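I opened the notebook to look up folds, surface and ring pairs. The structure goes in first, then the entries.

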Amino acid sequence: MLAGGRPQSCVGHMLKIDSKSVMRGTFVAAGRVELDTWFEGDILCSRLDIGRDGYVLGNITTRELYVQGQIIGTVHAGIVHLMDGSFVEGELIFRGPAEFG
């Protein structure tokens, strides 16, 4: 569900969801997703970028994860990049390298 009834931008294989939206449910995408909003539920995608205004309450499964915002839940990822100011509470399960800061 998108608040405000405003469509989000989708260019090529990337979807950008801005901070004026609220989403709930299960979200599945084949490409890259940029999330700068509140999301409750499960996310499955190739690459997930959670911006400074991004907040995920739920489970994430992705090949590559970049976090500037917040996650509360379980993360399954291949590669994890936690940037300055990011916050993760829960399980962080990854196979490849992790970058902090």
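Entry one, secondary structure. I looked up the elements and found zero helices and nine strands in the chain. The terms are DSSP runs, numbered from the N terminus: helices are H or I with at least four residues, strands are E with at least two. From the N terminus on, I read the order as β-β-β-β-β-β-β-β-β.

Entry two, source. I noted that the model is predicted, that local features need pLDDT of at least 70 and side-chain atom pairs pLDDT 80 or more, while totals for chains, interfaces and linings use all residues. Residues are numbered from 1 along each chain as its sequence is written, and side-chain values use heavy atoms, leaving out hydrogens and water.

I took contact as heavy atoms within 4.5 Å. Of the contacts with a separation of 6 or more, 1% join residues 24 or more positions apart.

Of the 101 residues, 36% are buried (under 20% relative accessible area; exposed is over 50%, partly exposed in between; 1.4 Å probe, protein chains only).

I found one aromatic pair. Trp38 and Tyr55 are stacked, at 4.2 Å centre to centre and 20 degrees between the planes. Trp38 lies in strand 5 (residues 38–50) and Tyr55 in strand 6 (residues 55–67), 17 residues apart. Rings of Phe, Tyr and Trp (its six-membered ring) pair if their centres lie within 6.5 Å; planes under 30 degrees apart count as stacked, over 60 as edge-to-face and the rest as tilted. Trp38 is partly exposed at 35%, whereas Tyr55 is buried at 15%.
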